Amino acid sequence: MIKKIISLAILLGISATVIGLSLSGLNSEEITPEEIISEETSLETEEMMKADVVIPTKVSRPGCDIEDICYIPSKIIVEKGGSVTWLNEDSAFHTVTSGFYGEPTELFDSGYLDPYQYYTLSFDEIGTFDYFCELHPWMFAQVIVE
Ligand SMILES: [Cu+2]
């Protein structure tokens, strides 16, 4: 009789362990899709943010200036009081710095923009605002405020 009780207890213990393991297995399976979904959501949020000017890939090497595609578009026209948002789509750092390479005007400077970082400026005065990248002398473009 005692032997039966002991073997029953062992059986119960084993089945409890098996159920516990399968439950924890289910839990870990549930976590994975949730993580992927939240990642997709954050990517969607980034895509939904509107970029007026894009810093495309591979502009950290010379050559984009030949086709004038270091910043796209290289000339953007906005109304007085309007804003411009840049997006760095490259894997390298870039800046949006007012003036020309070696001659910054100190009106604005984004600092180093990380990959997929945005930078927004409002323009309250009419004029042509040249800007460049502090890291890559061949990268320059303009904001024209009308
Ligand atoms: Cu650059």
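Two strands pair if DSSP finds at least two bridges between them. Strands β4 and β5 meet that cut-off, because three bridges join them. The legends below describe close-up views of a predicted model.

**Figure 1. The whole chain holds one helix and eight strands.**
Reading from the N terminus, the elements follow the order α-β-β-β-β-β-β-β-β. The chain has 146 residues, and 17% of them count as buried. Among contacts in the chain with a separation of 6 or more, 63% are between residues 24 or more positions apart. The average pLDDT of the chain is 80, and 67% of the residues score at least 70.

**Figure 2. Two stretches of the predicted chain have a pLDDT under 50.**
One of these stretches covers residues 8-12. The model has zero contacts beyond four places in sequence for residues 8-12. The other stretch covers residues 17-44. Here too, the model shows zero contacts beyond four places in sequence.

**Figure 3. Strands β4 and β5 form a hairpin.**
Strand β4 spans residues 97-100 and strand β5 spans residues 103-109. The two strands run antiparallel and are joined by three bridges. T97 stands opposite D109 in β5, and F100 has E103 as its bridge partner in β5. Two residues lie between the strands of this hairpin. How is the phi of G102 in the hairpin, positive or negative? G102 takes a positive phi near 85 degrees.

**Figure 4. Five strands form an open sheet with mixed pairing.**
The order across the sheet is β2-β8-β7-β4-β5. Which strands stand at the edges? They are β2 and β5; each has a single partner strand, so one side of each is left without a neighbour in the sheet. On average, neighbouring strands of this sheet are turned by 35 degrees against each other, direction ignored. Strands of a sheet pair through backbone hydrogen bonds, either parallel or antiparallel. Strands β7 and β8 run antiparallel and are joined by six bridges. Within that pair, Y131 stands opposite A141 in β8. Strands β4 and β7 also pair in the antiparallel sense, over two bridges. T97 stands opposite F132 in β7; on the β5 side, T97 stands opposite D109.

**Figure 5. Three strands form an open sheet in the order β1-β3-β6.**
The pairing in this sheet is mixed. Its edge strands are β1 (53-55) and β6 (118-122), and each pairs on one side only. From one strand to the next, the twist averages 20 degrees. Strands β3 and β6 run antiparallel, with five bridges joining them. In this pair, W86 stands opposite Y119 in β6.

**Figure 6. The largest nonpolar core has 19 residues.**
Which residues touch the most other members of this core? They are C70, W86, Y131 and M139. Strands β3 (83-88), β7 (127-132) and β8 (140-145) each supply at least two residues of the core. Leaving aside neighbours within four places in sequence, C70 is in contact with V59, C64, D65, W138, M139, F140 and A141.

**Figure 7. I72 lies in the loop between β1 and β2.**
Is I72 buried or partly exposed? I72 counts as partly exposed because there are 17 C-beta neighbours inside 10 Å, while a buried residue needs 20 or more. Not counting residues up to four places away in sequence, I72 touches V53, V54 and P56. I72 and L87 are 15 residues apart in sequence, and their C-alpha atoms are 9.9 Å apart in space.

**Figure 8. G82 lies in the loop between β2 (75-78) and β3.**
G82 has 16 C-beta neighbours inside 10 Å, so G82 counts as partly exposed.

Technical notes:
Residues numbered from 1 in each chain as written. Predicted model: local features only at pLDDT ≥ 70, side-chain atom pairs only at ≥ 80, totals over all residues. Core = buried A, V, L, I, M, F, W, Y, C linked by C-beta atoms within 7 Å. Buried ≥ 20, exposed ≤ 12 C-beta atoms within 10 Å, placed from the backbone. Helix = DSSP H or I, 4+ residues; strand = E, 2+ residues; numbered from the N terminus. Contact = placed C-beta atoms within 7 Å. Axes fitted to C-alpha atoms, helices over the stretch in contact; angles between N-to-C directions. pLDDT = per-residue confidence, 0-100.
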